[in-house]
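Thanks for coming. I will take you through one structure this morning, and you can follow along on the screen.

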Amino acid sequence: MIARSSGNADGHGVAVSAENCAKTFADGTQALGSVTLDVERGETVVLLGPSGCGKTTLLRIIAGLEHPDAGGRVLFNKTDVTRVPIERRNVGMVFQSYALFPNMNVAENIGYGLKIRGVNGAERGARVAELVALTGIEGLEHRRIDQLSGGQRQRVALARAVAVRPSVLLLDEPLTALDAALRERLRGELNRLLRTLGITTIYVTHDQSEAMALGDHIVVMRKGAIAQIGTPRDIYFAPASRFVAEFVGAANIVEAEYRDGSLVFPGGKLAATAAGDGKGKEPVVVMIRPESIKIVPADGAALCGQVEAVSFVGDRQRAAIGGVAAKAIMVDAPNSLPLKTGDRVGLAVDPGAVRLLPGDSQ
Amino acid sequence: MRDRLIFAAQFAFTLLVAAFLIVPAVLSMLAGVTLNYFRGIQSGLTLQWVVQVWELYSETIFRSFLIAITTLAVTLIVGIPAAYALHLRSDRLSRAIEEVITLPLAIPGLALALALLLSYGGFSDFRRSWLFILAGHSVFTLPFMVRSVMAMFGAIDVKTLDEGAASLGAPPWRRFRDVIVPNAAPGILAGSLMVVTLSLGEFNLTWMLHTPLTKTLPVGLADSYASMRLEVASAYTLVFFVMIIPLLVAMQTFARYRGNPAALPR
């Protein structure tokens, strides 16, 4: 686990476990297969996957908004809370639509959980002020919810969820409703805030860059099952399946033949480390990230191809190189490199950057 | 020029239609303060008919208000939680219940009254009291309350608000009181005004359910039309108008804000 900053006043929450949690809805759709997940105390785990993968259902089961099918259990610090309703789980939750109360102003929204817990007015006011400062919404305390911008609402929702010093913070796509620029800025703020609080956090998103930036661990989900659990680096550099490789970041997924310690492509061959058992010929599927491929002079290069297309993105350019493998290989090249369609180029790949994927994986 | 002509024609037509509807009402009210209607307004204006109506029928007016207010109380107590439950649950049973609640809208008031008489007419104390009329009015107005509140719940995403409050530790009744009801207030208000107005003006059902001792305002109105001189009946209409018009205006005003609590004046 990643070491945390010290000096947090909110405690670190609880360890959360979901054991064999499946969910079949009344209409028969199975949103979640049997899933088991352990979240350590104080860590941030991101549930990542395309829509319909079951990530929100899993979050709602942990929150107590849904019951898992028979056999599933939810544990907070090893205590079974499966049958405990959400209002007695002491969670803090941020909804995609924020679920702020239009009949209360900002301060009343943030203080509502404390009011429910019987915290007196003065103490409540102090805690609200603390969170208003922490989330940077000073001056908005007496605004009505409909007078706030999207970003401000997001902060209020977060402040409200954190105000009650929850055992676990649950965030359901909290940035999805915002526009791209604001999303990026709030992601940074959210990251700092989560590190400061050091509270157990489960964060649902379909945005892989959000997952990378925020998660200590990422749980990639697909079709109601967990595809892979790992650190952002694990997930990025060592995807367990073709699906994970394609979903997280850009990836070239190409077929090759493994022959005597080398990966043989139509356009040349690469030395491979510890791939396969080294016996005879084997068809394999490998993943190479575009940024780990370098463009070199064609003469003497291990892999050769032709530039099929170049798109300039500012900080770099992405080239599609044909003739190397069955389909064009994407390469991220420095923006200063003169590249044009039709150029014959060589490709250099660090053997460590070639990742063998399970052959039959999807 | 042509546009102005068209506009003028449309405006005149609108005025004509409005006059066609408004003139009888004005004439009727005017008759209520005319000394002798057959001799016309030149016979002089008087409040004696209004006073007479008050003496003869004030009891029915108070009873009508009593019934309207208690009907409102019943529909609020039954209707809001029912709307809440029906909104949160979306299974077949709740759809069926919703239909059953709405049924009284489609059944003629007389048939409804007959059913009530057949079922509960035997409980003679109940039959003889105003509570019998209350029962009829509650059945008749409940769908208006439930529909109105449900429409509001639909507009404010009440499920997410409820979950939000629950996540902050609020037990169900606190969520209902602190979050659900305040945010559904415009819908509840619209429903309330409708219930009160309908109950005050209800005749069909009430006419079947009333006894000589439990007459309501509209029943008294029919009674006065049948047995009193025209001026008295008209004065009665005037009293009825004066009471019901402010309610209708309030209803119109709040109907405009339905589904948009943020637009309510605060």
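This is a predicted model: local features need pLDDT of at least 70, side-chain atom pairs count only at pLDDT 80 or more; totals for chains, interfaces and linings use all residues.

Residues are numbered from 1 along each chain as its sequence is written, and chains are lettered from A and ligands numbered from 1 in the order in which they are written.

Start with the sheet. Chain A has an open sheet of four strands, in the order 2-1-4-5, with antiparallel pairing. Strands are DSSP runs of E, at least two residues, and helices are runs of H or I, at least four, both numbered from the N terminus; two strands pair if DSSP finds at least two bridges between them. The edges are strand 2 (30-39) and strand 5 (79-80) of chain A.

Now the helix pair. In chain A, the axes of helix 2 and helix 4 (residues 150-163) come within 7 Å and cross at roughly 25°. Axes are lines fitted to C-alpha atoms, for helices over the stretch in contact, with angles from 0 to 180 degrees between N-to-C directions. Helix 2 of chain A is therefore roughly parallel to helix 4 of chain A, a word used for angles under 35 degrees.

Last, the chains. 20 residues of chain A are in contact with 18 residues of chain B, contact meaning C-beta atoms, placed from the backbone, within 7 Å. Helix 2 of chain A gives the largest share of chain A's side, three residues.

Notes:
Two residues are in contact if their C-beta atoms, placed from the backbone, lie within 7 Å. Angles under 35 degrees count as roughly parallel, over 145 as roughly antiparallel, 65 to 115 as roughly perpendicular and the rest as oblique.
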